[in-house]
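Which charged side chains pair up across the fold, and where do their partners sit along the chain? Here is a brief report on that topic.

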Amino acid sequence: MKRLTIYTDGACSGNPGPGGWAAILVWGETTKELSGAEAMTTNNRMELMAAIAGLEAVSRPVPIDLVTDSQYVKQGIESWIHGWKKNGWRTADKKDVKNADLWQRLDEIASSHDVSFTWVKGHAGHEQNERADELARNAIKSLSSP
């Protein structure tokens, strides 16, 4: 069965500061680009929003390869989240999980699809990752445009 590929990236100008996210959905020859921005956020929140927005844009269950340059997203959704859920959204040292609202959203939407998460090195010439980075940075610039 054909798989949908979603390339994601988040960016922040300052951390915290204005941030942007982007997702590029590729289905065969069809490509759809999504992006958004927030006035005050963090890089990790934008990385999570990119994955969430990409998955939320999928209207029916299909196998998905989600490609991210964020170890935070990949490790979080594949490993850390299991302990967080078991501990009532607390870390091993009993602190609140940062960005729990977005982790819960990502967990919910990812569980409704067959999603495989793949990490790629950022800023290493990967064409779609570079494009997602450009879209995320452009989204930040849109915040200051009239």
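The report below covers salt bridges in this predicted model.

## Overview

Side chains of opposite charge can pair when their charged atoms come close. The structure holds 11 salt bridges. Three of them are described here, among them D65–R3, R3–D114 and E33–R131.

R3 and D65 meet through their side chains in a salt bridge, with an N to O distance of 3.0 Å. D65 lies in strand 4 (residues 63–68), and R3 in the segment before strand 1 (4–12), so the pair ties together parts that are 62 residues apart in sequence. Both ends are partly exposed: D65 has a relative accessible area of 22%, and R3 is at 30%.

R3 also meets D114 in a salt bridge, at 3.7 Å from N to O. This pair links distant parts of the chain. D114 belongs to strand 5 (residues 114–119), and R3 precedes strand 1, 111 residues apart. D114 counts as partly exposed, at 47% relative accessibility.

Shared partners join R3, D65 and D114 into one network of salt bridges.

## The E33–R131 pair

The side chains of E33 and R131 form a salt bridge of 2.8 Å, N to O. Again, distant parts of the chain are linked. E33 sits in strand 3 (residues 30–41). R131 sits in helix 4 (residues 127–143).

Terms used:
Residues numbered from 1 in each chain as written. Predicted model: local features only at pLDDT ≥ 70, side-chain atom pairs only at ≥ 80, totals over all residues. Heavy atoms only, no water. Salt bridge = Lys/Arg side-chain N within 4 Å of Asp/Glu carboxyl O. Helix = DSSP H or I, 4+ residues; strand = E, 2+ residues; numbered from the N terminus. Buried < 20%, exposed > 50% of the residue type's maximum accessible area, 1.4 Å probe, protein only.
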